[in-house]
Amino acid sequence: MSATDEFAVLPAATAERRAISATDEARRQMEICNACRYCEGYCDVFQAMTARRSFAAADLGYLANLCHNCRGCYYACQYTAPHEFDLNLPRALADLRQESWQDHAWPRIFARAFRANGVVISLTIALGVAAILMLSGEGSAGGGFYAVIPHETMVAVFAPVFLFALLAMGIGAWRFWRAIGAAPPAAIDLAPGLRDGLTLKNLSGGHGAGCNYEQAEVYTPARRQAHHLTVLGFALCSASTSAGTVLHYGFDMPAPYGFWSLPKLFGMPGGVLLCMGTAWLLWLKRRADRGLGAEGVWGGEVAFILLLFLVSLSGLALYAFRGTGALTPLLALHLGLVLAFFATMPYAKMVHGAYRLAALIRRAQERRLTKG
């Protein structure tokens, strides 16, 4: 019996497959892919695959988070439905990826709750915090943000949530690193891993023309570019907040700041780029085939991108309506959205950045050790 004949005895019906665990289904599909190897030049997933003859759970978790869901392999595959092998590797790895985020999350119960009710949780936190801040606000909009909501109140509310989110994401990423059996990361592997993460080279389709995320047989760099806009905008907004913190505590220069100050020079273009990037991602996600992503999480992923878009949009609106009566409700809404983002960050799609970066560093480590 040939390798492909052996796989043919596995259940082909989708209903029967649902009884198989995400790990077993990903293993079944990866073993068929490893026998075929038509896509071995597409991305790091297939290059790492060819270095293995079998796939333990640790290998599959690593490969699932190395996958960028560009979907090029699906559209090139000769074994997708209606073939009896019924391959859908992007979806199989996406399901396993979602499972890994939940399994390694800390505390795990929060991840389960968010996966089941992510949209409701995000909206409840955002609107609840906005309402509380509106009721606790004092002063007039003409005196700036801190005249409406005292600086001490903002720090007392936001600092613990933000620090907890960083801790939870760090613990989750470390658990994942240990679970995939990776050795302690060497400094020599950090640079190529970071480079691959920042350049998103695995969205190039292996040939530089882009991926097939939106539709078959159409290569486009749109998803890669939208991610770059989003990441750059987020980085500039973070730099704006950091600059304001340094000015406030290091130089005793509290807000509001002028247009040519560092917080504004970072924050304004950052907010614009973040708005553009997230709006583009939402448009691309609406056009993409939902059947090639993880089952049952499309709405939660859209809610996360929308939340990030609203954070940036409300931040820009604060500047546009400064000194007006609209500042107080806008500030409360903006801060509510920011707190919701921080609170859900370790359990929403945001966490994929930490896991994927860990997988890319592991891949750089693997390339160095195997010279492959």
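A residue counts as buried when its relative accessible area is under 20%, as exposed when that area is over 50%, and as partly exposed in between. Cys-36, with a relative accessible area of 33%, is therefore partly exposed. The structure described here is a predicted model. This briefing considers its helices, its cysteines and several details of its backbone.

- Helix α15 covers residues 327-344 and has 18 residues. The distance from its first C-alpha to its last is 26 Å, close to the 26 Å expected at 1.5 Å a residue.
- Of the 18 residues of α15, 14 are buried, so this helix is largely enclosed by the rest of the structure.
- Helix α7 (89-104) has 16 residues and reaches 22 Å from its first C-alpha to its last, close to the 22 Å expected at 1.5 Å a residue.
- Helix α7 is likewise largely enclosed by the rest of the structure, because 12 of its 16 residues are buried.
- The buried residues of α7 include Leu-89, Leu-93, Leu-96 and Trp-101. Arg-97, Gln-98, Gln-102 and His-104 are also among them.

**How helices pack against each other**

- Helix α10 (residues 151-179) packs with α15 at an angle of about 25 degrees, and their axes are 8 Å apart. That angle makes α10 roughly parallel to α15, since angles under 35 degrees count as roughly parallel.
- The crossing in which α10 passes α15 is left-handed.
- Helix α11 (residues 187-199) and α16 have axes that come within 8 Å and cross at roughly 125 degrees. These two helices are therefore oblique to each other.
- The crossing in which α11 passes α16 is right-handed.

**Two residues within helices**

- Arg-363 is placed in helix α16, which spans residues 352-370. Its relative accessibility is 3%, so Arg-363 counts as buried.
- The side chain of Arg-363 makes a polar contact with the side chain of Glu-366, at 3.0 Å.
- Leu-310 is placed in helix α14 (residues 298-320). With a relative accessibility of 32%, Leu-310 counts as partly exposed.
- Leu-310 and Ala-239 are 71 residues apart along the chain, and their C-alpha atoms are separated by 19 Å.

**Cysteines without disulfides**

- A disulfide is a covalent bond between the sulfur atoms of two cysteines.
- The count of disulfides in this model comes to zero, where the rule requires a pair of cysteine sulfur atoms within 2.5 Å.
- Cys-77 has a relative accessibility of 22% and so counts as partly exposed.

**Backbone details in the loops**

- Most residues other than glycine have a negative phi, and most peptide bonds are trans. The following places depart from those patterns.
- The peptide bond from Ala-81 to Pro-82 is cis, and its omega is near 15 degrees. Pro-82 is placed in the loop between α6 (72-76) and α7.
- A cis peptide bond also runs from Ala-255 to Pro-256, with omega near 5 degrees. The loop that holds Pro-256 is between α12 (222-250) and α13 (262-287).
- Arg-37 has a phi near 65 degrees, a positive value in a residue other than glycine. Arg-37 lies in the loop between α3 (22-36) and α4 (44-49), and its relative accessibility of 32% means that it counts as partly exposed.
- Leu-200 is not a glycine, yet its phi is positive, at about 55 degrees. Leu-200 is placed in the loop between α11 and α12.
- Is Leu-200 buried or exposed? Its relative accessible area is 11%, so Leu-200 is buried.

Methods: Residues numbered from 1 in each chain as written. Predicted model: local features only at pLDDT ≥ 70, side-chain atom pairs only at ≥ 80, totals over all residues. Heavy atoms only, no water. Helix = DSSP H or I, 4+ residues; strand = E, 2+ residues; numbered from the N terminus. Expected span 1.5 Å × (residues − 1). Buried < 20%, exposed > 50% of the residue type's maximum accessible area, 1.4 Å probe, protein only. Polar contact = N/O pair within 3.5 Å; in protein donor to acceptor, adjacent residues only side chain to side chain. Axes fitted to C-alpha atoms, helices over the stretch in contact; angles between N-to-C directions. Parallel < 35°, antiparallel > 145°, perpendicular 65-115°, else oblique. Left-handed = near helix turned anticlockwise from the far one by under 90°.
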